[in-house]
Amino acid sequence: ASAAPSSAALTVKDEPLAHLVYDALVQLRGWLARNGSDRGKKGESILPAPVVNQLARSRPRKLDELMAMTLTGFSELRKRTHGQNIIAVIDQARLQYMEAVTAGQEVANMSFMLLEEKLHHSGMGGGNAG
């Protein structure tokens, strides 16, 4: 088993998909600051940069993979609260990346498009799991 993914800032050595996932998580952070239980908090307190870097490198596919990870300064509660959305945006990024590759597009500097309808509003009652 390899060590936990680095929480250091991404560099040009990181693959394009890692950068896209990073972009996706930063957009999720903004969305969480405007919606949900963390409304009004600063982005960093919702999803700290070291955590975003770790997730961009590891890209967990499932919630239990995410829950098993040790994330710098990110509690179990926060993982549970935001886990579904983190996995959802990583999936979106992976899909957008694959579509670009398939279409023969340049992936080095592609930007992520957040699909808000795919996100879960935490702590807002009801929800369309599916």
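Lys-79 and Glu-76 sit three residues apart in helix H5, about one turn of the helix. Their side chains form a salt bridge, with the closest N and O atoms 3.1 Å apart. Keep in mind that this is a predicted model. Here's a quick tour, starting with that helix and moving on to the charged pairs.

**Helix H5**
- H5 has 27 residues and reaches 37 Å from its first C-alpha to its last, close to the 39 Å expected at 1.5 Å a residue.
- Setting aside neighbours within four places in sequence, His-82 is in contact with Leu-32, Asp-38, Ile-46 and Phe-74.
- After H5 comes Gly-104, which has a positive phi, near 70°.

**Salt bridges**
- The count comes to seven salt bridges, and the Lys-79 and Glu-76 pair is one of them.
- In that pair, Lys-79 is buried at 2% relative accessibility, whereas Glu-76 is partly exposed at 40%.
- Arg-57 and Asp-14 also meet in a salt bridge, at 2.8 Å from N to O.
- Arg-57 is in helix H3 and Asp-14 in the segment before H1, so this pair ties together parts 43 residues apart in sequence.
- Arg-57 counts as partly exposed at 21%, while Asp-14 is buried at 16%.
- Lys-62 pairs up with Glu-65 in another salt bridge, the closest N and O atoms being 3.7 Å apart.
- Lys-62 is partly exposed at 48%, and Glu-65 is partly exposed at 34%.

**Over in helix H1**
- Gly-30 lies in H1, which covers residues 16-34, and is partly exposed at 24% relative accessibility.

Conventions
Residues numbered from 1 in each chain as written. Predicted model: local features only at pLDDT ≥ 70, side-chain atom pairs only at ≥ 80, totals over all residues. Heavy atoms only, no water. Contact = heavy atoms within 4.5 Å. Helix = DSSP H or I, 4+ residues; strand = E, 2+ residues; numbered from the N terminus. Buried < 20%, exposed > 50% of the residue type's maximum accessible area, 1.4 Å probe, protein only. Expected span 1.5 Å × (residues − 1). Salt bridge = Lys/Arg side-chain N within 4 Å of Asp/Glu carboxyl O.
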